[in-house]
Amino acid sequence: MINALKNHIRVHKEAYSIGTVLFISFIARLWYTWGDTSVWWDGAVYVGMGKYIATGGSIGLWEMFRPPLFPLFYSILFILHIPLVLVGKAVVIFSSIGSIWLVYKLAESVRKGSGMYAGIFLSITPVFFTFSKVPITDIISVFFALLALSLQRKKKYFISGIVVAISFLLRFPQGLMLFSIVCITIIESYDHDLILWVKHTFINGLLLGAGFIALVGPYLISNHFLYGNALIPLVVGNKIIGGYSYLYNLGTWYYAKELLKTAPFLYFSIFAPFLLFKKYHLSYQEQKNLRAVIVTAFIFCFYFFWQSHKELRYSIAFIPYISILASVSFTFLFSRILERKEIIVLFFGLLIIFLYQSFPYLIKGKQVDPYTPVYSYMSTLKGSYISTSPVPAVLSDVRIVEFFDSVITFEDALTRRASTLDGAVVTMCDLSCDLDLAGSPSCSVHIKDLLKKKTTFTESYENTINGCTVMIFKK
């Protein structure tokens with residue numbers, strides 16, 4: 001029986017290998033997430049928008065420049081009385097595991113035996129691992145983008161268009177996948193007969209576009225009726241991101257430098273384009289699959305490298321494609337070593353790199369959130385509030401009518417809305433003081449003075465955590 005089991009494992013070693021990678025990845029993410037009570041800004045916005053949709057605007061908040069699909073998902077959960085943040089985290093974890101699986105399949109379609117390494121590379125890249133517990137749309141949208149590319153490789157253009165639309169409605173930059181698939185389709189439809197080339201390109205493009213418009217069309221139409229402009233969320237979103245370029249303009253090569261420090265194994269991807277040369281003996285179909293991944297990686301990298309606003313989490317959008325290219329190059333360069341027991345040394349080497357780079361995140365992720373007392377008090381709030389952050393919308397049944405990020409915008413909001421407000425939540429770390437004159441009072445004192453002059457609010461809660469003061473005022 002033992003011999004039969006050994007033979008079975010030997011015959012299906014690839015399946016067992018990727019199964020092990022997926023299982024370990026899942027357990028690691030579950031451990032990392034367990035007990036975490038932190039609330040991220042974007043995640044809080046999506047929850048608040050979900051509550052806003054479910055209650056017709058009675059509670060929660062609304063930011064029209066956000067993609068609508070995740071808030072719609074949260075609105076259904078809220079109506080069904082299902083824990084929003086918990087389910088959101090579960091969706092992100094399973095999306096990360098699904099992304100690892102899809103990366104495995106795409107890499108295998110380029111070179112047999114490279115899929116497991118693609119899965120490992122993606123799974124242990126610190127930024128991908130870190131955000132596998134955060135209920136925002138970066139990883140969820142990546143899963144659908146990878147699925148769309150996989151469907152395109154199977155010539156399922158209409159369904160691929162639908163899946164691209166889902167990815168786009170989760171995170172707008174994922175619309176790049178539509179452009180990527182169009183480029184791949186044009187390249188792969190090429191035929192010496194110009195008429196046939198145009199015909200195939202047109203038919204496949206029509207199917208792809210029809211699938212995309214089937215979902216995105218109603219969204220654009222609703223924007224037209226709600227805001228008078230179908231594209232206004234994209235325009236406003238791009239303007240808002242551009243408005244913070246002075247904080248996040250970290251240089252053209254920011255992602256390249258950060259990934260070199262945190263995930264140097266991804267740099268094997270540099271050799272991937274050379275594998276298209278005939279001397280490397282890829283089959284015709286393998287060349288096509290490799291070319292498709294290269295085109296996709298180039299389009300996404302070009303866009304995010306070009307954008308002045310840079311955050312490391314944005315690299316999640318292109319890391320899966322880099323992981324595929326890195327794994328294919330890696331197996332070509334070290335094919336002889338990988339057939340021997342040295343693979344065990346390699347695996348533990350990668351594991352050490354991952355642990356070394358991710359240790360600060362792992363420790364931070366397992367700490368008790370110091371803001372727990374603040375969260376507990378926020379859960380008692382009701383009514384209409386202005387706030388420096390969207391967090392109260394997650395923890396309580398409040399409606400956040402406006403955000404403010406400076407004393408100037410705070411005073412302006414009070415002037416316009418004082419009579420309709422039930423309170424204010426001020427987190428000093430989220431606030432720009434704007435008080436530069438000599439002899440000016442501290443920001444917190446100035447805010448309290450403004451509230452006394454313009455409202456009847458009293459300070460009901462104040463707590464300083466890690467040097468950051470949180471103040472809550474209400475009637």
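Q: To which strand does helix α22 run at about 5 degrees?
A: In this predicted model, local features need pLDDT of at least 70 and side-chain atom pairs count only at pLDDT 80 or more, while totals for chains, interfaces and linings use all residues. Residues are numbered from 1 along each chain as its sequence is written, and side-chain values use heavy atoms, with hydrogens and water left out. Helices (H or I, at least four residues) and strands (E, at least two) are DSSP runs numbered from the N terminus; angles run from 0 to 180 degrees between N-to-C directions, along axes fitted to C-alpha atoms, for helices over the stretch in contact (heavy atoms within 4.5 Å). Helix α22 (residues 443–454) lies across β3 (423–427), β4 and β5 (468–474), and the strand at about 5 degrees to it is β5.

Q: Which strands stand at the edges of the sheet?
A: The open sheet has 5 strands with mixed pairing, in the order β2-β1-β3-β5-β4; two strands pair if DSSP finds at least two bridges between them. Each edge strand has a single partner, so one side of it is left without a neighbour in the sheet. These edge strands are β2 (397–403) and β4 (458–465).

Q: What is the bridge partner of Ser-387 in β2?
A: Strand β1 (residues 382–387) pairs with β2 in the parallel sense over 6 bridges. For Ser-387, the partner in β2 is Phe-403.

Q: Is Ser-396 buried or exposed?
A: Ser-396 is found in the loop between α20 (391–395) and β2. Leaving aside residues up to four places away in sequence, Ser-396 touches Lys-51, Met-378, Ser-379 and Leu-381. Buried means under 20% relative accessible area, exposed over 50% and partly exposed in between (1.4 Å probe, protein chains only). With a relative accessible area of 3%, Ser-396 is buried.

Q: How far from a polar atom of the Ser-396 side chain is the backbone oxygen of Pro-392?
A: The side chain of Ser-396 also reaches the backbone oxygen of Met-378, at 3.4 Å. For the backbone oxygen of Pro-392, the distance is 2.7 Å.

How values were computed
A polar contact is a pair of N or O atoms within 3.5 Å; within protein, one must be able to donate a hydrogen and the other to accept it, and residues adjacent in sequence count only if both atoms are side-chain atoms.
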